[in-house]
Amino acid sequence: MPIIPDNKDWTWVLQRPCPECGFDASAATPATVPASIAGMLPRWRAALRRPGVSQRPDDATWSVLEYACHVRDVFTLFDYRLGLMLSEDGARFEDWDQDRAAVEKDYAHADPAGVGATLTAAGERIAASFAAVPEEQWGRKGTRSNGSVFTILTFAQYFLHDAVHHLHDVDG
């Protein structure tokens with residue numbers, strides 16, 4: 001059975017802590033973002049070594065493997081978007097269909113070891129990209145296809161919530 005698409009607008013996490021995973025966006029600052037990303041990578045690698053990593057807990061929930069593939073792709077996508085925000089005034093982000101990506105890239109049948117390696121590499125890249133953002137650039141803006149406007153700081157906070165929340169999903 002296919003997963004029901006998540007069409008929620010999660011930008012509310014920029015205003016208040018997430019009641020599900022406990023993430024508080026206001027605690028993420030330019031100084032803490034890179035270390036936050038680096039700190040979650042060992043947890044993702046450990047999750048991918050669990051028995052039954054490719055088994056869904058129920059028909060409506062991704063497996064650990066599928067969540068890890070998603071997070072790997074989020075790391076790559078957000079690194080690209082961060083580059084746009086730094087290089088283009090008023091950068092605009094095209095819509096990304098995460099559910100279509102899961103099917104097209106066959107997340108369910110990926111190699112867990114390979115996903116661990118590519119997730120780690122993508123995580124290290126985006127952590128380095130955020131670390132390289134000059135302080136005066138954290139206010140640059142970008143706009144998502146639905147009209148949501150982010151500064152690099154709120155973009156980083158929103159991004160961190162996604163990865164942290166999915167760790168909560170696989171640990172819960």
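**Around Ser63**

User: Which residues is Ser63 in contact with, leaving aside its neighbours within four places in sequence?
Analyst: With those neighbours left out, Ser63 is in contact with Val53, Ser54, Gln55, Arg56 and Pro57. Keep in mind that this is a predicted model.

User: Where is Ser63 placed?
Analyst: Ser63 sits in the loop between α1 (33-48) and α2.

User: And is Ser63 buried or exposed?
Analyst: Buried, because its relative accessibility is 0%.

User: Switching to the helix pair α2 and α5: at what angle do their axes cross?
Analyst: At roughly 175°, and the axes come within 10 Å. That angle is over 145, so α2 and α5 count as roughly antiparallel to each other.

User: Which residues make that contact?
Analyst: On the α2 side, they include Tyr67, His70, Val74, Phe75, Phe78 and Leu82. From α5, Phe155, Tyr158, Phe159, Asp162 and His166 are among them.

User: What about α4, how many residues does it have?
Analyst: α4 has 20 residues and reaches 28 Å from its first C-alpha to its last. That is close to the 28 Å expected at 1.5 Å a residue.

User: Which residues of α4 are buried?
Analyst: Val115, Gly116, Leu119, Thr120, Ala122, Gly123, Ile126, Ala127 and Phe130.

User: What do those buried residues pack against?
Analyst: The buried residues of α4 pack against α1, α2 and α5 (152-171).

User: OK, charges now. How many salt bridges are there?
Analyst: The count comes to seven salt bridges. One of them joins the side chains of Lys105 and Asp73, at 3.2 Å from N to O.

User: Where do Lys105 and Asp73 lie?
Analyst: Lys105 lies in the loop between α3 (98-104) and α4 (112-131), while Asp73 is in helix α2 (residues 64-87), so this pair ties together parts that are 32 residues apart in sequence. Asp73 counts as buried because its relative accessibility is 8%.

User: Which residue does Asp89 meet in a salt bridge?
Analyst: Arg140, with 2.9 Å from N to O. Asp89 lies in the loop between α2 and β1 (91-93) and Arg140 in the loop between α4 and β2 (141-144), so parts 51 residues apart in sequence are tied together. Asp89 itself counts as exposed, because its relative accessibility is 68%.

User: What separates Arg100 and Glu104 in helix α3?
Analyst: About one helical turn, because Arg100 and Glu104 are four residues apart in helix α3. Their side chains meet in a salt bridge at 3.6 Å, N to O. Glu104 is exposed, at 59% relative accessibility.

User: Is Cys21 buried or exposed?
Analyst: Buried, at 19% relative accessibility; the cut-off is under 20%. Cys69 also counts as buried, at 1% relative accessibility.

Technical notes
Residues numbered from 1 in each chain as written. Predicted model: local features only at pLDDT ≥ 70, side-chain atom pairs only at ≥ 80, totals over all residues. Heavy atoms only, no water. Buried < 20%, exposed > 50% of the residue type's maximum accessible area, 1.4 Å probe, protein only. Salt bridge = Lys/Arg side-chain N within 4 Å of Asp/Glu carboxyl O. Helix = DSSP H or I, 4+ residues; strand = E, 2+ residues; numbered from the N terminus. Contact = heavy atoms within 4.5 Å. Expected span 1.5 Å × (residues − 1). Axes fitted to C-alpha atoms, helices over the stretch in contact; angles between N-to-C directions. Parallel < 35°, antiparallel > 145°, perpendicular 65-115°, else oblique.
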